[in-house]
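Thanks for coming. I will go through one chain today, starting with its surface and then moving inside. Please have the viewer open.

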Amino acid sequence: MQLNKKLLAIIGKRIPAIYDVIPRGPQGRLVQIALNPQPLPPHELGAAIADEFVRCAWFGERGGLDMQALLSDLDDWCPTRPKIPKLPPWWGPFPDPEPRPDWFVDFHLGFAARLSVVAAESTDMRLDKTLDQVIDRSLAAIEAVKL
């Protein structure tokens, strides 16, 4: 249910206790994390990067851009070989200078899990095709490390 801000302001003037019920805290996962600036676990970092990838893919698809350009940049955000990813500039430096050995698998599991949730709920065929390619790429990277 969508609440109207004007209606809540009118109700708040008459009954100030309503403001104790209205959620005013951080609404998204990245906003919650920004309040506590500790290093993200690898699976959370992978999921956050997946959110950014989906946002870029959605805007690119709506703008009629070629998805291959987005897929070519994916190696910077979500590497296929054990190297530290290049995070978007507004996130700052990678939090852990020497990540533990299994960070790569955890990172790709978080990335693929978040993308699979988005792909399951999506109704856009072109975006689904791109997300399926990226999920397969992450699963192949996980399998390559496990072998």
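Predicted model: local features only at pLDDT ≥ 70, side-chain atom pairs only at ≥ 80, totals over all residues.

In which loop is Ile15 found? Ile15 is in the loop between α1 (5-14) and α2 (29-35). Helices here are DSSP runs of H or I with at least four residues, strands are runs of E with at least two, and the numbering goes from the N terminus.

Residues are numbered from 1 along each chain as its sequence is written, and side-chain values use heavy atoms, with hydrogens and water left out.

Back to Ile15. Together with Leu7 and Ile11, Ile15 makes a nonpolar surface patch of about 250 Å². A patch takes residues with over 30% relative accessible area and no salt bridge; nonpolar side chains (Val, Leu, Ile, Met, Phe, Trp, Tyr) are joined within 5 Å, and like charges within 9 Å. Areas come from Shrake-Rupley with a 1.4 Å probe, and for residues only the protein chains shown count as cover.

Now the overall picture. The chain has 6 helices and 0 strands, so the helix and strand definition leaves the pattern as α-α-α-α-α-α along the sequence. The chain exposes about 9900 Å², and carbon and sulfur atoms supply 60% of that area. Of the 147 residues, 35% count as buried. Buried means under 20% relative accessible area, exposed means over 50%, and partly exposed is in between, with a 1.4 Å probe and protein chains only. Among contacts with a separation of 6 or more, residues 24 or more positions apart account for 61%. A contact is a pair with heavy atoms within 4.5 Å.

The largest nonpolar core has 23 residues. A core of this kind is a set of buried Ala, Val, Leu, Ile, Met, Phe, Trp, Tyr and Cys residues joined through side-chain atoms within 4.5 Å. Phe53, Phe111, Leu115, Leu131 and Val134 have the most contacts inside the core. At least two core residues come from each of α3 (42-62), α4, α5 (103-121) and α6 (125-146). As background, nonpolar side chains in soluble globular proteins tend to be buried together.

What does Phe53 contact, leaving aside its neighbours within four places in sequence? The list is Leu70, Leu71, Leu74, Trp77, Phe111, Leu115, Thr130, Leu131 and Val134.

Several of those names bring us to helix α4. In α4, residues 67-77, the buried ones are Met67, Leu70, Leu71, Leu74, Asp75 and Trp77. They cover an arc of only 160° around the axis, so they are on the same side of α4; the arc is taken over directions from the helix axis to the C-beta atoms. Take Leu71, which counts as buried at 18% relative accessibility. Leu71 touches Phe53, Thr130, Gln133 and Val134, not counting residues up to four places away in sequence. Asp73, also in helix α4, is partly exposed at 44%. Asp73 and Phe53 are 20 residues apart in sequence and 9.9 Å apart in space, C-alpha to C-alpha.

Is Pro79 buried or exposed? Pro79 is buried, at 0% relative accessibility.

Last, the charged pairs. How many salt bridges does a search of the whole structure find? The search finds 3. The criterion is a side-chain nitrogen of Lys or Arg within 4 Å of a carboxyl oxygen of Asp or Glu.

One of them joins Asp51 and Arg114, with the closest N and O atoms 2.6 Å apart. Asp51 lies in helix α3 and Arg114 in helix α5, so this pair ties together parts 63 residues apart in sequence. Asp51 is partly exposed at 27%, and Arg114 is partly exposed at 27%.

Glu52 and Arg55 form another, at 2.9 Å, N to O. Both lie in helix α3, 3 residues apart, about one turn of the helix. Glu52 is buried at 9%, whereas Arg55 is partly exposed at 43%.

Then there is Arg62 with Glu61, where the closest N and O atoms are 2.1 Å apart. Arg62 is partly exposed at 48%, and Glu61 is buried at 14%.
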